[in-house]
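Hi everyone, thanks for coming. I'd like to walk you through one structure today, so please have a look at it with me.

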Amino acid sequence: MLSRFFSRFLTQDIAMDLGTANTLLYTRKHGIFINEPSVVAVDAASRKVLAVGAAAKEYLGRTPRSICAIRPMKDGVIADFDITREMIAHFVGKCISGLRLVKPSMVICIPTGITQVEKKAVIDAALLSGARTVSLVEEPMAAAIGAGMPVQEPLGSLVLDIGGGTSEVALISMAGVAVSQSVRVAGDAMNLAVQHYLREVFRLEVGENTAENVKKILGAALPQNNGLRLEVSGKDLVYGGPRVVTVTEGDICEALHDPVQAVVETVLRTLEQAPPALAADVYDNGLLMAGGGALLRGLDQCIARATHLKVAVDKDPLTTVLRGTAQAMLYRREYEGIFIN
C-alpha cells in the first residue's frame with residue numbers, strides 16, 4: 001500500500017505540444033489534460049501574470065493600458081522566454097497537484113528546422129518551469145506517430161502538420177525524416193489574411209479573435225457554394241464608429257488564397273526532393289494532414305488536385321501531434337531513435 005502511495009507521486013511524465021496557438025499536455029494519469037490557448041495576460045508595469053490560457057485569450061484586443069495580453073510563442077518558437085516559462089509552469093502545475101517528490105520528465109514537440117538556440121530556449125524554459133529532464137521530438141514525426149503511420153518501417157510516410165505558426169511537411173522513413181519543408185504560414189497567417197481582406201475590401205477593422213471566428217465559420221480553400229453568410233462587427237475605418245457587414249464564404253475563400261497556396265507549394269517542394277523509392281511509397285499511401293489548419297474546408301481537395309495524391313485528414317487533427325508525443329513518451333525505448341536531443 002505504501003509503495004503504491006509513493007509511486008503515484010514518483011511517476012510524473014508529461015508530454016507537451018507547445019504550440020503557437022494552443023498548448024496541450026498529456027499525463028499518464030489524466031490523458032489529454034490541458035488544451036488551452038498559448039496566451040498570457042500580464043500587468044504592463046510589473047509583468048506579473050494575471051491570467052493564462054483560455055482566460056487570457058479573452059483579453060486579446062480588450063485590455064486597458066495597464067494590462068497586456070501576450071502570445072509568447074511565435075512561428076512555433078519562443079518569442080518571450082520569461083512569459084513562456086511562466087505559461088509552462090502554470091500548465092504543469094495544473095497537471096500535477098499535491099506533493100511533488102520528483103520533478104516531472106517532459107517530452108516536448110518542436111518544429112523541424114529550428115536553430116540550436118531555439119531548441120535550447122525550449123529546453124531551458126521547461127527546466128526552469130520545474131521539469132527534471134526534457135526530450136524533444138519533431139512535430140511532423142509526432143504527428144505521424146499519432147496518426148498510426150508506420151514511421152519505423154522502410155516505407156515513405158508523408159505528413160503535413162498545419163499549426164498556428166508553421167506548416168510543416170515531412171517524408172518519414174525508418175524513424176527519421178528523409179525530406180522536410182517548413183513555411184511560417186499557418187493558422188495565424190490565415191487569421192491575418194482575413195483581417196487584411198476585411199480592412200481592404202470592407203474598410204472594417206476587426207480583432208484577432210473575430211478574424212479567427214470568421215475563418216472557422218466561413219473559411220475554405222476552394223469555393224464550396226454553400227451560400228454561407230455571416231454578420232461581422234468591427235470598427236468602420238472611414239467614420240471611426242462601430243459597423244456590421246455581411247461577409248460570404250466566397251469572400252473568405254478569396255482572402256485565404258495566398259496562405260493556402262503557400263501551404264500547397266510547400267508540399268510540392270517536398271515531393272520534388274523525395275528520393276524515387278520513397279516517392280513511389282507516397283504515391284501508394286498518400287498524404288496525411290494534421291493540425292488545426294487541416295480542418296479548413298476543401299484544403300484536402302486543393303492539395304489532392306495539385307499533387308495527384310490521396311489526401312486524408314486525421315480523425316482528430318487538433319490532437320494528432322500530442323498523441324504522437326505521448327506515444328513516444330510512454331514507449332520511449334521503442335521510439336528511442338526519434339528524439340533529437
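**A walk through the model**

Let's start with D75, which is partly exposed at a relative accessible area of 21%; here buried means under 20% relative accessible area, exposed over 50%, and partly exposed in between, using a 1.4 Å probe and protein chains only. Before going on, a word on where this comes from: this is a predicted model, where local features need pLDDT of at least 70, side-chain atom pairs count only at pLDDT 80 or more, and totals for chains, interfaces and linings use all residues. Residues are numbered from 1 along each chain as its sequence is written, and side-chain values use heavy atoms, with hydrogens and water left out.

Back to D75: this residue is not a glycine, yet its phi is positive, about 55 degrees. You'll find D75 in the loop between strand 7 (73-74) and strand 8 (77-78). Helices (H or I, at least four residues) and strands (E, at least two) are DSSP runs, numbered from the N terminus.

H308 also has a positive phi, near 60 degrees, without being a glycine. Is H308 buried or exposed? H308 is exposed, with a relative accessible area of 65%, and sits in the loop between helix 11 (299-307) and strand 18 (311-313).

Five strands make an open sheet, ordered 13-12-11-17-18, with mixed pairing; two strands pair if DSSP finds at least two bridges between them. At the edges are strand 13 (176-183) and strand 18, each pairing on one side only. Strand 17 (residues 287-290) pairs with strand 18 in the parallel sense, over three bridges.

Finally, the inside. In soluble globular proteins, nonpolar side chains tend to be buried together.
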